[in-house]
Amino acid sequence: MKRSLALGLCMTLLAAPVMATEKETLQERQDRLSKQLEQSEKAQAETDAELEMTEAERDAVSTEVRAVNERLDSLSEQIAVQQSEADEARAELEATRRQLAAQEQYLEGQKALLSERLRVLQIHEDRSYLQVIFESRSFGDFVARLVTAQSIAEQDRDLIHTFMTEVDRLESLETAQRTQLSFVKQKERELVITKQALDRAAEEKRALLSELNEQVELLELEQMTREEEQALMDEQRRIIAGQLEAIAIAEREAAEAEARKREAEAKAAAEAKARAEAEAREKEATASTEPAAPPVVVPPAEVTENVTAPVSTFLRPVSGYVSSRFGPRANPLTGAPESHRGIDIVNATGTPIVAAAPGIVVKAAPATGYGNVVFVSHVLGGQVWTTVYGHLDSITVAPGQTLSAGQTVGTLGNTGWSTGPHLHFELHRGEWAPGQPNAVDPGPYIGY
């Protein structure tokens with residue numbers, strides 16, 4: 001039972017008689033996949049190491065950014081304090097200036113009073129201060145004039161002294177306040193310059209942090225992509241191993257059948273020979289009385305062979321128009337030049353997508369870039385092929401499932417890196433591999 005099932009599976013997968021060339025092709029493919037998987041695992045280890053270093057560098061820069069931000073916050077507080085002190089110094093300076101102006105106005109009044117007194121002392125004549133005293137009419141008048149003159153002189157001296165003292169005080173206060181304001185403003189400028197330098201450093205650190213974040217994202221994407229590639233190659237190896245096992249079982253069964261056939265033929269030949277010898281002896285006994293019968297010629301049995309012609313074309317997986325052909329193009333998402341490794345066929349969301357040939361589902365799940373995607377492995381006419389159906393809205397098959405040509409694998413959609421509903425269809429001569437080196441233009445094979 002197990003052998004018959006394996007033989008049936010092998011015949012379904014290969015879609016052609018089991019041949020040695022197909023076995024060799026599968027074995028070569030298995031060897032290539034092993035080497036590619038080894039290279040991918042080595043690259044994955046390098047990516048992991050680079051990602052670890054980049055994350056460590058990003059964490060260090062992030063710590064530096066936090067430290068710079070804390071320093072900037074402290075400087076902002078210090079600048080605010082200096083600005084407050086500068087505002088207070090300006091207010092005090094303005095108050096002193098107002099006091100000085102008021103004092104000057106008061107002293108101007110006192111100066112006018114002094115001038116009036118001098119004018120009175122001169123009594124409208126060009127006479128000296130002593131003449132006013134010596135022109136007294138009596139000794140009492142002399143004493144009175146002398147006392148008055150002395151009193152006026154003392155008041156004048158006090159007035160002048162007060163005037164000079166107040167002016168000196170206010171000018172000294174103004175000078176001190178102007179110096180204090182200059183000091184505060186200088187300290188404020190120094191803090192602002194320091195903050196500007198830190199702002200530039202912080203901006204550089206933030207730019208570096210942003211760049212490191214992008215590198216981490218790219219490395220994580222590369223890591224995830226390589227994990228998907230390795231999983232796909234592992235699945236392809238598993239399927240190929242199953243195909244090789246099915247071929248080996250079929251070959252053993254064919255060899256056993258051939259041995260049984262030869263044994264039966266040998267037995268039949270021995271029996272025929274024995275019968276012929278017996279008949280010959282009987283004929284010898286009756287040869288003298290009966291004429292010899294003519295020999296009977298037995299025509300050889302016709303051998304029929306069930307041979308299926310190799311498949312040279314594939315079914316069209318979906319109808320619609322081609323919006324982007326195989327080959328160079330500008331990436332519709334980024335605008336960057338790239339090599340398009342398939343063709344894009346546009347139709348409505350939900351349109352059924354069918355398998356282009358008989359085969360086995362290698363992958364049926366979301367994948368980076370492809371969105372919901374189905375990979376199918378085929379062995380057609382001794383040649384290994386892989387078809388890819390990307391950006392599906394839904395998937396209707398499972399990994400390991402055997403498909404017939406035209407069987408639905410999913411529905412057309414807009415998942416993954418896509419700008420509108422379409423099927424991204426790839427055809428690979430051989431296994432799917434990182435970098436898609438085996439991709440061929442599927443257009444001629446499906447009639448586009």
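The structure is a predicted model, in which local features need pLDDT of at least 70, side-chain atom pairs count only at pLDDT 80 or more, and totals for chains, interfaces and linings use all residues. Residues are numbered from 1 along each chain as its sequence is written, and side-chain values use heavy atoms, with hydrogens and water left out.

The protein contains 5 helices and 12 strands. These are DSSP runs numbered from the N terminus (helices: H or I, at least four residues; strands: E, at least two). Of the 448 residues, 34% are buried. Buried means under 20% relative accessible area, exposed means over 50%, and partly exposed lies in between (1.4 Å probe, protein chains only). The accessible surface comes to about 26600 Å², and carbon and sulfur atoms hold 55% of it. Areas come from the Shrake-Rupley method with a 1.4 Å probe; for residues, only the protein chains shown count as cover. Contacts are heavy atoms within 4.5 Å. Among contacts between residues at least 6 apart in sequence, 71% join residues at least 24 apart.

Side chains of opposite charge can pair when their charged atoms come close. A search of the whole structure finds 3 salt bridges (a side-chain nitrogen of Lys or Arg within 4 Å of a carboxyl oxygen of Asp or Glu). One joins Glu258 and Arg262, at 3.2 Å from N to O. Both residues lie in helix 4, 4 residues apart, about one turn of the helix. Glu258 counts as partly exposed because its relative accessibility is 34%. Arg262, at 54%, counts as exposed.

Arg329, Glu338 and Asp344 are linked in a network of salt bridges. Glu338 meets Arg329 at 2.8 Å, N to O. Arg329 also meets Asp344, at 3.4 Å, N to O. This second pair links distant parts of the chain: Arg329 is in strand 2 (residues 327–330) and Asp344 in strand 4 (residues 343–346), 15 residues apart. Asp344 has a relative accessible area of 6%, so Asp344 is buried. Arg329 is partly exposed, at 23%. Glu338 is partly exposed too, at 28%.

A patch of negative charge on the surface gathers Glu104, Glu108, Asp168 and Glu171. Patch residues have over 30% relative accessible area and no salt bridge; like charges are joined within 9 Å, and nonpolar side chains (Val, Leu, Ile, Met, Phe, Trp, Tyr) within 5 Å. Lys and Arg count as positive and Asp and Glu as negative, while His and the chain ends are not counted. Each charge is placed at NZ of Lys, CZ of Arg, CG of Asp or CD of Glu. Helix 2 (20–122) and helix 4 (139–285) each supply at least two residues of the patch. Glu171 lies in helix 4. Glu171 counts as partly exposed, at 40% relative accessibility.
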